[in-house]
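User: I would like to learn how to read a few features of a protein model. Please give the general idea each time, then the case here.

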Amino acid sequence: MRSANRGNGNNVSVVNASGNCNNNNAVNGYRAAADRAWNEHLGGLHAVMVAQTSSGTRSLHPGASSPEQGNGDGPCVPRDTCPITAEDVIGFDALWESMMRSREGVMWKGSVASFCLNGAENISRLSAELRDGTYKPGRNSCFRITSPKPRNVVAQCFRDRVYHRSIVDNLVYPLMSPSWIYDNAACQKGKGTDFARERFRKHLRDQYLTDGTGGWILSVDVRGYYDNIPHDKAERVFDRLPDWGRRMTVDALRAHYPGEKGYNPGSDIVQMVGVGYLSALDHYIKEGLRVRGYSRYMDDLRLVHGDRERLELCRDEIARRLGDLGLQLHPAKTHIRPVAQANTYLGFDFRMLRSGKVVMTLTSSNVKAMRRRVGRLAMLEERGLRPAGTTDVAYSGWRAHAAKGDSLKVLRKCDEWYMNQIVRRLGNDQD
């Protein structure tokens with residue numbers, strides 16, 4: 001699987017099973033257009049092309065103005081002037097480009113290589129089926145992962161992934177991302193875990209300039225985020241799309257995720273649900289609660305403020321609004337702590353020193369997990385069950401991730417352990 005942020009060697013633990021991420025860029029400010037009113041679902045993929053009449057397709061924002069829209073980065077685009085058409089999503093050129101992006105890093109798979117070998121024919125057939133309404137999704141494959149936490153993953157066949165990738169890259173992401181706040185960090189080009197951690201450090205530094213080391217951090221985690229998202233409310237995330245685009249996206253989502261609640265990671269469209277489902281909450285925290293030091297990575301929220309009572313109020317308001325979305329706080333992972341106390345975020349412990357410096361150190365569980373993983377790989381490589389050099393690649397990737405923090409002593413100890421326990425064991429002395 002490829003990382004959502006290729007510069008981050010540890011992101012592989014948080015991307016979806018397809019290994020795909022969005023390749024469009026969106027540079028937003030704190031203030032973006034508010035979500036428009038929910039509308040009723042209109043069904044049927046066969047109606048996609050019929051919906052493209054001479055009057056044109058619709059765009060992302062409602063015509064009526066609001067204080068949130070007025071404070072956005074630019075004027076709202078009327079829905080009747082959307083420049084994207086169905087041809088931009090299901091046309092041969094769009095699907096071909098999606099195939100070329102989707103195959104990166106997974107050409108070693110037989111199914112991917114077979115599809116790409118006759119790529120022109122397969123893409124032409126897929127485009128024709130989408131046009132005339134005869135397209136039928138393939139079968140899903142299900143498996144379970146254990147890192148960073150146990151969860152079931154539903155992966156689509158490569159043909160469906162190409163289609164989903166085109167929907168996300170050419171329709172969903174360019175029309176929806178302008179409404180997301182800048183501190184919504186997951187699954188976007190130019191963002192990722194590195195971006196989220198740096199934003200969190202900046203919020204801590206800004207808090208020090210205001211209140212010194214007297215600030216507080218509210219950590220919020222959603223219990224079983226993907227498993228508990230109601231389907232009817234999740235589909236309303238795509239209300240910002242033109243009518244034909246909403247039908248196309250929702251039908252693709254329903255084809256692989258039946259039922260009334262819960263999604264398993266593995267689809268690009270599901271990733272967009274995860275990123276956009278809490279967008280209204282993001283705007284409420286930034287604009288309604290007026291918490292500037294707020295950032296979110298999927299369902300992991302951080303609020304930095306100088307007033308503990310204010311953060312307690314924010315916690316209660318967040319819990320209430322999550323309840324309206326069919327979600328609830330994770331009691332063990334939701335807490336308020338001083339900025340001087342270690343606060344774990346995306347694999348690192350953040351702590352503010354008396355001087356105002358914010359240090360970011362590896363968590364002990366991260367180091368222990370690395371040693372177990374590398375030890376198992378070394379055992380498999382020693383037995384000939386893994387290619388030579390697999391363990392070196394795994395440790396080098398972890399070390400590149402660990403080096404982003406302030407853990408020089410830990411890195412030295414880990415290097416010493418790796419040389420003494422692993423390199424000598426494999427007989428690959430690299431002195």
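User: Does phenylalanine 350 count as buried or exposed, and at what relative accessibility?

Analyst: This is a predicted model, where local features need pLDDT of at least 70, side-chain atom pairs count only at pLDDT 80 or more, and totals for chains, interfaces and linings use all residues. Residues are numbered from 1 along each chain as its sequence is written, and side-chain values use heavy atoms, with hydrogens and water left out. Buried means under 20% relative accessible area, exposed over 50%, and partly exposed in between, with a 1.4 Å probe and protein chains only. Phenylalanine 350 has 0% relative accessibility, so it counts as buried. Tyrosine 345 is also buried, with a relative accessible area of 0%. Of the 431 residues of the protein chain, 50% count as buried.

User: How many aromatic pairs are there?

Analyst: Rings of Phe, Tyr and Trp (its six-membered ring) pair if their centres lie within 6.5 Å; planes under 30 degrees apart count as stacked, over 60 as edge-to-face and the rest as tilted. The count by this rule is 12 aromatic pairs. In one of them, the ring centres of tyrosine 135 and tyrosine 163 are 5.2 Å apart and the planes stand at 65°, so this pair is edge-to-face.

User: Which parts does the pair of tyrosine 135 and tyrosine 163 tie together?

Analyst: Helices (H or I, at least four residues) and strands (E, at least two) are DSSP runs, numbered from the N terminus. Tyrosine 135 is in the loop between α5 (119-132) and β1 (141-145), while tyrosine 163 is in helix α6 (residues 158-176), so the pair ties together parts 28 residues apart in sequence. Tyrosine 135 and tyrosine 163 are both buried. Another aromatic pair, tyrosine 345 with phenylalanine 350, is tilted, at 6.4 Å centre to centre and 55° between the planes. Phe200, Tyr345 and Phe350 make up one aromatic cluster.

User: Which strand is joined to β4, and by how many bridges?

Analyst: Two strands pair if DSSP finds at least two bridges between them. Strand β5 (residues 300-305) is joined to β4 by 5 bridges, and the two run antiparallel. Glycine 293 is opposite valine 304 in β5. The two strands form a hairpin with 2 residues between them, and methionine 298 in the turn has a positive phi of about 60°.

User: How many residues of β4 are buried?

Analyst: In strand β4 (residues 293-297), 5 of its 5 residues are buried. Gly293, Ser295 and Tyr297 lie on one side, Tyr294 and Arg296 on the other, and both faces are covered.
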